[in-house]
Amino acid sequence: MKTLRALLRNPQGALGLILCSLVLFAAVFGPEIAPKDPETFHFNARFAAPSLEFPLGADWYGRDLLSRILVGARSTVLLALLATFIGTAAGAVIGVLSGYLGGIVDEALMRLTDAIMAIPSLLFALMIIAVLGSSSINAVLAIGIAFAPGMARIARSVTLQVRSLDYVAAAKARGESLGWIVAAEILPNTIAPVIVEGTIRVAFAIMTLATLSFLGLGAQPPDPEWGLMIAEARDHLFRSPWPVAVPGAAIAIVAIGFNLLGDGLRDVLNPKTAET
C-alpha cells in the first residue's frame, strides 16, 4: 500500500497506472462489454466514420471497430504480458545465478548473453518463429526468449551488489543450500529493478507482438489482434483511415501507459528518489 500511495503521488506513475488499469480491464472484460459482435457484418455501414452507432467507426465489412478493439485486447495485451513474464522470469533466474556463482559459470552465461544481445530483439524473434512456425503462442515464446538476455544483465548487476551483504554471508554460514540462498535471500532483494524493467518492456512486447502479427507471423485471421487488424486494413487506408488509426492508437496508448508506469515505479522504488 505504501508503494501504491507513493505511485499515485507521482504524476507519471498515476497517469500510467490509470491507463494500464483501463487497458487491463478491457483485456479481461472486453468480450463482455463489447457493444456488438466483432464478427457481425453491417454492409450498410462499410467504412463508417465514428458515430453513436459505431463510436470508433466500422471497417470494410461494416464490423464495429470498438467491439473488435475490446475483444482483441485479450489476445494482444494478455499475450504481451505473458511474453514479458516469460522473459523477465527466465532472465532474472539466469542473471541471479550468474552473478551469485561467478567464475566460469558467470563468464559462460554472460558471453552467451552478449552474443544474443548483439542481435536486435525483433530479428531474433523472427529467427525463432522461423524455426517454431507462425502462431500466437510461438510469437509469445519468441518475444520472451528475446527479452531474457537483457533482463539477465539487469538481474546480474544487482546480484553482484547484493551477494556481498551480511544476510547472504549469514545464510552461507548457516549452511543453507544454493537454491535457498538464491530464492530466499538474493532474488527478493533484486526484484525491484527487475519489476521496473519488466513493466517498461511490456510496451516493447506489445509493439513486437503487433509487428509479428502485421507480418503474418503471429495471430492469424479472423483473430481481432491489433497488429493483424492494421495489416488487414492497410489495403483500404485511402478509403477510410479508421480501421488503421483505431488499432494503431490502441497500441500507442498501451505503450505509453506501461512506459509511464515503469517510469513512475522507477522513481518510487529508487531509494535516493524516495528520500528527496
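The largest cavity holds about 50 Å³ of space, a volume being the space filled by probe spheres set on the points, with grid points joined across faces, edges and corners. Its lining residues (those with an atom within 4 Å of a point) are Asp 59, Trp 60, Arg 63, Leu 65, Arg 68, Met 229, Glu 232, Ala 233 and Pro 243. Two or more of these residues come from each of α3 (65-101) and α10 (226-233), and α10 supplies the largest share, 3 residues.

This is a predicted model, in which local features need pLDDT of at least 70 and side-chain atom pairs count only at pLDDT 80 or more, while totals for chains, interfaces and linings use all residues. Residues are numbered from 1 along each chain as its sequence is written, and side-chain values use heavy atoms, with hydrogens and water left out.

The fold comprises 12 helices and 0 strands, where helices are DSSP runs of H or I with at least four residues, strands are E runs of at least two, and both are numbered from the N terminus. The C-alpha trace spans about 75 × 45 × 25 Å along its principal axes. Of the 276 residues, 44% are buried, meaning under 20% relative accessible area with a 1.4 Å probe, protein chains only.

Technical notes: Buried < 20%, exposed > 50% of the residue type's maximum accessible area, 1.4 Å probe, protein only. 1 Å grid on protein atoms, 1.4 Å probe; cavity = no way out; pocket = protein on both sides within 12 Å on 5 of 7 lines; lining within 4 Å.
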